Amino acid sequence: MNALAMLGGPRTVPPEMNGGPWPVVTEQDENAVLRVLRSGRLTAASADEAEVPALEDAWARQVGTENCTAVASGTAALQAALTALGIGPGDEVVLPALTMNATAHAVCRTGADPVFADIEPDTFTLSADRARDATTSRTGALLPVHLHGLPADMDGLSALARERGVPVVEDAAQSHGALHRGRATGALGEIGCFSLHPSKNLPACGEGGLITTDSADLHNALAEIRNFGERPPTGTRGYVALRSGSNFRMSPMMAAFARSQLERMPEYAESRQRSVTALLTRLAGLPGLRVPVVPEGRTHAWHIIRFRLVPEELDLPDVPTPALRAALHRVLRAEGVAVSRYQTAPLPAHPAFRAPGAGAERITEEFPVSCATVDGSLCLQRRHMGPDSGPTLSAYADAFEKVWSHMDLVRRMARSRPHEPGWQNAVEVR
């Protein structure tokens with residue numbers, strides 16, 4: 001049995017084996033960007049600019065909606081979507097306690113109040129039951145996040161939205177191409193919001209966002225909101241603001257690059273599905289390690305892969321989960337596995353969103369699954385995204401199996417860290 005790399009043994013994953021670059025930039029992508037530069041139409045407000053509308057048409061067809069509006073980022077997409085729905089001061093928007101902070105920031109920027117609800121332990125997405133508990137007479141919208149690329153429980157959440165008479169805004173920033181009962185994310189609520197950040201499954205060469213809807217009225221409102229509240233120009237720009245808006249326009253260069261990438265997105269998704277499935281099949285039998293769950297009727301886009309840890313199955317019933325996580329993080333990283341933590345604290349604990357007087361005990365009591373997930377899981381990001389990631393993920397599986405064969409040492413390491421700080425330390429909640 002080889003010694004662990006941290007003790008001088010051979011490293012399982014060589015440094016040069018990193019899954020390949022992401023995004024994958026081809027000559028086709030470069031030519032798309034050059035096409036914009038040579039056209040001289042460098043903003044979406046340029047006369048006869050065609051790159052942004054072409055991307056909008058292509059993405060609407062991909063998702064299966066009537067309309068798509070391109071904006072400057074995924075965060076801008078969320079803020080514009082909520083604004084178009086009339087969400088503002090006095091309203092509440094229910095969203096999951098575990099997601100990227102941009103989701104809550106978008107709510108705050110409209111003047112509405114974010115109201116957090118706990119997640120499901122197996123899917124890491126918004127619990128319909130907990131969302132129901134969080135709704136009040138002030139609830140203006142539900143904002144589920146298809147976290148890591150897995151669609152949320154849209155059956156339960158859509159039923160709740162109909163019961164409460166409120167719209168569903170999908171945060172689909174990480175779920176490009178994922179399906180829920182055969183329908184694409186972004187087509188499951190009143191509005192869907194996507195990010196084109198370079199880390200995403202559909203990347204731009206900078207920031208960008210896309211908003212999908214079947215509503216012509218919402219589409220028209222979004223077109224005004226992204227452009228200073230002005231009606232989209234059909235000739236000479238009038239500079240007349242019809243409503244409060246902002247500069248959320250997408251750059252034509254971002255649009256051209258993303259549309260070029262879109263042509264290869266299905267190919268990359270199929271490759272990713274094969275390599276990730278092979279990895280998870282090998283890891284599913286390791287005790288104390290829970291691989292991601294994909295409920296029946298849903299597909300996963302695999303933007304992020306999250307592994308949940310179960311200390312009891314490793315004969316560590318009295319060891320705090322953060323201690324086990326820290327030990328495994330150290331050992332796996334030494335073997336060359338690029339595990340990381342995605343989000344270090346649930347959103348209700350962030351100072352920007354924390355309720356007055358909410359200490360660690362109250363946050364843990366109200367959002368137990370989100371807190372446990374942050375403290376007891378490790379993630380893989382980006383290294384599995386590219387079409388050439390299969391060999392890297394196979395080596396990752398070798399490394400996991402090697403580490404598990406040395407579990408006695410991992411147990412000793414975990415037991416030596418009884419006071420390993422959890423999420424409370426990340427945000428200094430007392």
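Relative accessible area sorts residues into buried (under 20%), exposed (over 50%) and partly exposed (in between), with a 1.4 Å probe and protein chains only. The model examined here is predicted: local features need pLDDT of at least 70, side-chain atom pairs count only at pLDDT 80 or more, and totals for chains, interfaces and linings use all residues. Residues are numbered from 1 along each chain as its sequence is written, and side-chain values use heavy atoms, with hydrogens and water left out.

A salt bridge is taken as a side-chain nitrogen of Lys or Arg within 4 Å of a carboxyl oxygen of Asp or Glu. This rule gives 21 salt bridges. Helices (H or I, at least four residues) and strands (E, at least two) are DSSP runs, numbered from the N terminus.

One of the bridges joins D122 to R308, with the closest N and O atoms 3.2 Å apart. This pair connects distant parts of the chain, 186 residues apart: D122 sits in the loop between β3 (113-117) and α5 (128-134), and R308 in strand β11 (residues 304-309). D122 is partly exposed at 39% relative accessibility, and R308 is partly exposed at 22%.

Another pair, R325 and D375, meets at 3.9 Å, N to O. Here, too, distant parts of the chain are linked, with R325 in helix α10 (residues 321-334) and D375 in helix α12 (residues 368-375), 50 residues apart. R325 is buried at 3%, and D375 is buried at 11%.

Within helix α5, D133 and R130 are separated by about one helical turn, because they lie three residues apart. Their side chains form a salt bridge at 3.0 Å, N to O. D133 is exposed at 54%, while R130 is partly exposed at 37%. Finally, R35, E51 and R259 are joined in a network of salt bridges.
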